[in-house]
Amino acid sequence: MELLFDYRMSIGFDGMASRHAFTLRFVPMDTLRQRIGRCVWAVDPSAPLSSSVDSEGNTVLSGTVQRPHSRFSACVSGEVSTVSADSDSPVPEHSADPLDAMMYRHFTPKTEPGPVIRFIAGGLDGRSVETAMDAMHAVHDSIRYVKGSTSPQTTAEEAVSAGEGVCQDYAQAMASVCILAGLPARYVVGYTVGEGESHAWTEVLVDGMWYGFDPTADRTVGSSHIKVSHGRDFDDCRINRGVFVGAAISGQTVNVTVTEARP
Amino acid sequence: MDDLFKQTETVNSLLARYGVKFGIYKDGVFREQLFPFDPIPRVISKEEFSVLEKGLAQRVDALNCFLADIYGEKRIVKDGVVPEEFVFASSGYLRQCEGIVPPEGVHSHISGIDLVQAKDGSWYVLEDNLRVPSGASYPLIARDLTRMSSPDTFRHNAVVDNRDYADLLKAVMDHVNTGGINVVLTPGRYNAAYFEHSYLAERTGSVLVTGQDLTVEDDVVYYTDYQGSKVKVGAVYRRISDEYLDPLEFEEESLIGVPHIMSAYRAGNVALINAPGNGIADDKGIYYFVPKMIRYYLNEEPILSNAPTYLPFYEEDRRYVLENFDRLVIKDVAEAGGYGVVFGSKLFPEDKASLIALIEEEPRRFIAQEVIDFRDMDILEDGERVPRKADLRAFVLTGGKTVVWKSGLTRFSRNPDSFIVNSSQGGGFKDTWVLSR
């Protein structure tokens, strides 16, 4: 499927911010499932951006706006072609690096399991793609989608204990459940068809291949997903980080649009 | 040496006047206290020091190999010598450092290795400090002052001059410098070791800076001087810990760090001394594996011994620890500075039961060690010689090669019943003399 995507983020300050240093992890990556075509980005106020690759393999743009500004915005847009997945069977996203199995089977403070995660993982059997599917269903059924019910600090265990959350909570919970069941897993940030905020899901390593699962939607990652970055948890994949002096953030808006390209 | 003893008061008052202080936080309040100097030096013979020297260099070389391996190929984990739980689940392992090869390949430039001497004279390594080890300035300045107040003492004893520390440090900075000036990055005047930061900056001819004095442009670090002109920085001897180093990669709330400095470091444009991520190698859990690292990387037998250590992580060790609980010292691997250290025999029954439950629940979090029968050292208290527990922090510097500073910080516990000598726990210090013949 040919997709057009557009991500825009805008931060308003309650005064004049300056010496504003930031990083952006919002440029989609090439995978077995998706190819990036045209891709452009910009920040306002404008600043030179340097591009590098972090330890996870994600593209990071870094820059600093020195002069005082009351608003900061960043956008990225482009075209992505994704493979069509017509059934519900998962599509390989990447072939695994030899070290991946070792690197993605340890918990972080965000994915550290507690009794509820342990209970969910206890119902799983085997180490196959089906096990991951079962984990996805179980996590989907354990959390009710309630916008604003959690924060970036919420851990996987806290979300499943409360039974409420948003996509990042589903994704961290599924990673935690899978690791506990013996399947290396990681957190993914991306965009999906429609209009709204960025999305998050989970990748699971089975037999040398990474597969994407979307526990929020309870379906496998397919032609309507655009993958941006991965890491062990939310913290490794933060789209925007920034520090500045002179003002506080008064508001932030994010708008992502993904549509199917018309031929 | 009696002459030296008579000068104790003078030396301590000079130390106070020069601001040789140690800051501590207690109950949220910052206090500066003097770090009391005791005039009776620790004396190490030439022969004994040459063994220590070889053993320390060997240990630090192996630790540097380990760090390069962990953030690189991970052979030691793949070969099953160090279990991966002790590496990738440790808070000292920094994912952000994965794949980075620091300038000249050095990870631990300044290593503070803590040793104790047992009654039988044998030395044991108690702890490796590879992050931001502090304390070298204390014996350095104490030597300066004692030489002035009692020159005869040094005329009659063949003591190796230890005032070359700054030269050794500068050589390390110059060796890894990527082009530009050397700076010492301090969190500022409310840091426990601020005195040392300014002292070492002055002695190495480096610029003492805070985070706000540095900026990063296009992955290059610059220092802006008082006139507003920018100078490229090639090496940062940073005295702030990893989590505060770069708010864009670590603690976002950090006000003392330098935004984008990790990006400059990753690009190879600046040396960070010591490298970030070293916490994985001086973790109390990893300590157990250091002798194995020496054999693994260097194919040598360790010259210096560890204190006998048990890892409750291993079933067999766990059983031993529970059976011998009362004669062991239990350490929480996540704590530092003498905190989180308990003696099994000194616990109340209910505290003991809850600690045992915790060990069974989280065995990875603890190590247990045999209590070493320290050789006490005399200190002067109200003119009397009284024995106290003491340790030695040796400073090992790695640039082109690894060298051991011929001195060190001898810390002692002022409390006769305490084994804990950390300055943050109210101890004092002595000079450490290495004899030249």
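Predicted model: local features only at pLDDT ≥ 70, side-chain atom pairs only at ≥ 80, totals over all residues.
1. Chain A contributes 22 residues to the contact and chain B contributes 29 residues. Together the two chains bury about 2,100 Å², with 51% of that area on carbon and sulfur atoms. Three residues, A:Met103, A:His106 and A:Arg241, account for 25% of the area that chain A buries against chain B, more than any other three residues.

2. Polar terms are also present at this interface: 12 residue pairs are in polar contact, both at pLDDT 80 or more. On the side of chain A that touches chain B, strand S1 (2-24) gives the largest share, 4 residues. That side divides into 8 nonpolar, 8 polar and 6 charged residues.

3. The interface of chain A and chain B holds 3 salt bridges, while the structure over all chains holds 44. A:Arg238 forms a salt bridge with B:Glu252, with the closest N and O atoms 2.7 Å apart.

4. Within chain B, B:Asp282 and B:Arg131 form a salt bridge at 3.1 Å, N to O. The two residues are 151 residues apart and lie in loops, so the pair links distant parts of the chain. B:Asp282 is buried at 7% relative accessible area, whereas B:Arg131 is partly exposed at 40%.

5. B:Arg238 and B:Asp242 meet in a salt bridge at 2.7 Å, N to O. B:Arg238 counts as buried, at 1% relative accessible area, and B:Asp242 is likewise buried, at 9%.

6. The salt bridge of B:Arg385 with B:Asp378 has its closest N and O atoms 3.2 Å apart. B:Arg385 is partly exposed at 46% relative accessible area, and B:Asp378 is partly exposed at 31%.

Technical notes
Residues numbered from 1 in each chain as written. Chains lettered and ligands numbered in written order. Heavy atoms only, no water. Contact = heavy atoms within 4.5 Å. Buried area = accessible area lost by both parts, 1.4 Å probe. Salt bridge = Lys/Arg side-chain N within 4 Å of Asp/Glu carboxyl O. Polar contact = N/O pair within 3.5 Å; in protein donor to acceptor, adjacent residues only side chain to side chain. Nonpolar A, V, L, I, M, F, W, Y, C, P; charged D, E, K, R; others polar. Buried < 20%, exposed > 50% of the residue type's maximum accessible area, 1.4 Å probe, protein only.
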